[in-house]
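Please look first at the two chains together, and then follow the paragraphs below from the place where they meet to the parts that lie further along each chain.

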Amino acid sequence: MRISNGDQLGGGGFAELLQLQAEFQTRLSEEVLRYLRRLQGVLEPHAPGTVVQPEGDATLAGSVRPGATLTLSVEVENRQRVHTVVTPALTPLVANTGVAWFPSASATPSYGFIAPEETVSLTLSVAAPDGLPPGQYRGMLVLRGFGAGGLPVVLDVSTADSAEAPAEQPGEEPAAGPVGTPGGPAR
Amino acid sequence: MSTSRVRLVDESDRGGRTTATLLGSLGGRLAALHVITGADAVGALLAGFAALGRDVGRTAEGARLREALAAGRPGANAERLWEALMLDRWTSALPPSPVLDLLRNDLALLLADDVDETLDLPPVPPEPSGAAAGREPQPTTATDVVIGLWAFARELAAGVEALAGPTLPATERVLVGPSSPATTGPLLR
C-alpha cells in the first residue's frame, strides 16, 4: 500500500479536519491573548488628563494677503489643580476651492507650563506664501495631547485686487476679522 | 488679531489632576511593572509612541515630516523592518500607553508645592483606566513610531529646559573660591 503526505483523493477529509483544527487552535490562542491584553489595558493605572473647554465660539478667524503674516491669539486658562503644558500646532488648511495649504506657523510660547488658575496668551504667526491662491481656508489649531479636537481656524486669503481693505505686511500689526470681513474687527 | 479663549479642565467622571492622583498614577505604574512582562510594557510604550505619531501627523509640521520620511529610503527601510520583524503584529495588539499625558503628569509633580504633604498622607490607589476611548489597540507603522518619538523627545527637552529655566545659571561664569566646583571636585582633593 502506498502512503503519501501529498494531496490525494480519499485522504482529503481527514487532512481538512486537521487543518481546521490547527486554524481553530491558532485563532483561539490569538483571541485569548488579545482579550488578556485588553483586560490588562483596562486594569492599567489611569493617567489623569486634560480636556479643552472653549468659551463661546472659539473659531479663530482672520484675513491675510499672500506674502503677509497673520497673527492668531488664544487665551488659555488652567482650571486644574496642578501645572499643565500647552503646545499649540496648526493642521494643514484646506480651501473651499480644493487647495491644501501646509502653513509655516510659529507659536509663542511654543511650549510652556501653566500654573493652576493662571491664564497664558498664546500667539500664532501664520505666514501666507506668495502665490497662495485666494479662498477661504479651514483647519484646526491643535493643542497637542488634549484629545483629537482643536479650535477651528478660518482664514480668508485675498489678493490685492479682490481685497477691500489692505492686509498687513510682514512686520506690521496684523489685521484679522470675522469670516467674510477681511480686515474687520477681531472676534 | 483674532482671539479665542479656552479653559483647561479635568476629565469628567474622573478624579482630576491633583498631586495625590498624579502620585497614585506614578506609583501604580511602577507597581504594574512587577506584574506584566517586559514585552508588554515595551510594546505598550511603542504603541503609545505610534498613537502620538498619528496625532502629531495631523499637524502641518508632522505631515511635512511624515511626507519627507515616506519619500526617502529611511521610511521605506523602517516599514520593511517593522513588518519583517513582526513589530506591527506585536504593537498593534497592545493598548497604547498615553505617553504624553504620563510625561506631563510626571513633570507637573516636579512643580507641585505640596509633594511633602502628599507623601505623608496614605497612598491614593491608582484609578484603573477602564474602557477609555483611545486605549483600543490600533494598527501601528514604523513612521508613526518615529514621529511619535520625535515629538516626545522635543516635549521632554522643552520640559526639562522649562523646569531648569528659572534657576538656570548664566552660560558664561567664573567661580573662584571655596564654592567653585573646580576646587571641590574629587580630582583636586
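Strand β1 (50–54) of chain A pairs with strand β1 (residues 2–10) of chain B in the antiparallel sense, over five bridges, where two strands are said to pair if DSSP finds at least two bridges between them. Within this pairing, the bridge partner of A:T50 is B:D10 in β1(B). The names of these elements follow DSSP runs, numbered from the N terminus, with helices (H or I) of at least four residues and strands (E) of at least two. This is a predicted model, in which local features need pLDDT of at least 70 and side-chain atom pairs count only at pLDDT 80 or more, while totals for chains, interfaces and linings use all residues. Residues are numbered from 1 along each chain as its sequence is written, and chains are lettered from A and ligands numbered from 1 in the order in which they are written.

β1(B) is also joined to β3(A) by seven bridges, and these two strands run parallel; here A:V74 stands opposite B:S4. β3(A) pairs as well with strand β10 (residues 119–127) of chain A, in the antiparallel sense and over nine bridges, and in that pairing A:L70 has A:V126 of β10(A) opposite.

How many residues does each chain bring to the contact between them? Chain A gives 57 residues and chain B gives 56, two residues being in contact if their C-beta atoms, placed from the backbone, lie within 7 Å. On the side of chain A that touches chain B, at least two residues each come from α1 (12–43), β1, β2 (60–64), β3 (69–78), β4, β5 (88–90) and β9 (112–114) of chain A. The largest share of that side, eight residues, belongs to β3(A). By kind, the residues of this side divide into 29 nonpolar, 17 polar and eleven charged, where Ala, Val, Leu, Ile, Met, Phe, Trp, Tyr, Cys and Pro count as nonpolar, Asp, Glu, Lys and Arg as charged, and the others, Gly among them, as polar.

A:A100, in strand β7 (residues 100–101) of chain A, counts as exposed because it has 12 C-beta neighbours inside 10 Å. Leaving aside neighbours within four places in sequence, A:A100 is in contact with A:P92 and A:V94.

Among the elements of chain B, α8(B) has the highest mean pLDDT (96) and helix α9 (residues 181–184) the lowest (59), pLDDT being the predictor's confidence in each residue, from 0 to 100. Where pLDDT is low, the predicted coordinates should not be read in detail.

Note on methods. A residue is buried if 20 or more other C-beta atoms lie within 10 Å of its own, exposed if 12 or fewer, and partly exposed in between; C-beta atoms are placed from the backbone.
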